[in-house]
Amino acid sequence: MLKDWFASGQIADLVLLLMAFEGVILAGLKITTGRGIALPGLAANLLAGACLILALRTVLTGGSTETAAMWLAASLAGHVADLVSRWQ
C-alpha cells in the first residue's frame, strides 16, 4: 500500500494537505493571539516547503526534469523570501 502511495504521488498530496492544515492553524493562532510566527515569514516558509514537495511529486510520478527544476527554483525563491522576512 505505501509503495502505491509513493508511486502515484499520493504521499506528496498527503504532505501538502498536512502543510495546509499547519498553515491554517499557525495563521489562526497568530491572528487570534498575536503570538507565533509572523504571517509573511510563515507564508514564505510554507511556500518553500510546498514547492519542494511538488518537485518530489513530479519526480515520483515521472514528470519532466524541467518541471521538477521549476518547482525547485520556486522553492528557492520562497526560501529567500523567508530569510528576508526573518533578517534583523
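Predicted model: local features only at pLDDT ≥ 70, side-chain atom pairs only at ≥ 80, totals over all residues.
**Helix packing and salt bridges**

Residues are numbered from 1 along each chain as its sequence is written, and side-chain values use heavy atoms, without hydrogens and water.

Me: At what angle do α2 and α3 pack?
Reply: Happy to start there. The axes of α2 and α3 are 9 Å apart; each is a line fitted to C-alpha atoms over the stretch in contact, with angles from 0 to 180 degrees between N-to-C directions. The packing angle of α2 and α3 is about 175°.

Me: Which residues in α3 does α2 meet?
Reply: Contact here is heavy atoms within 4.5 Å. From α2 come Ile11, Ala12, Asp13, Val15, Leu16, Met19, Glu22, Gly23, Leu26, Ala27, Lys30 and Ile31. In α3 they meet Leu39, Leu42, Leu46, Gly49, Ala50, Ile53, Leu54, Arg57 and Leu60.

Me: Which residue forms a salt bridge with Arg57?
Reply: The structure holds two salt bridges (a side-chain nitrogen of Lys or Arg within 4 Å of a carboxyl oxygen of Asp or Glu). In the one with Arg57, the closest N and O atoms are 2.7 Å apart. The partner of Arg57 is Asp13.

Me: How many residues apart in sequence are the parts that Arg57 and Asp13 tie together?
Reply: Arg57 sits in helix α3 (residues 39-60), whereas Asp13 belongs to helix α2 (residues 10-33), so their pairing joins parts separated in sequence. At 27% relative accessibility Arg57 is partly exposed, and so is Asp13 at 33%; the class lies between buried, under 20%, and exposed, over 50% (1.4 Å probe, protein chains only). The parts tied together by Arg57 and Asp13 are 44 residues apart.

Me: Which helix holds both Arg86 and Asp82?
Reply: Arg86 and Asp82 form a salt bridge with closest N and O atoms 2.6 Å apart. They are four residues apart, about one turn of the helix. Both lie in helix α4 (residues 65-86).

Me: What separates the C-alpha atoms of Ala81 and Pro40?
Reply: Ala81 lies in helix α4 and is partly exposed, at a relative accessible area of 36%. Along the chain, Ala81 and Pro40 are 41 residues apart. Their C-alpha atoms are separated by 8.6 Å.

Technical notes
Helix = DSSP H or I, 4+ residues; strand = E, 2+ residues; numbered from the N terminus.
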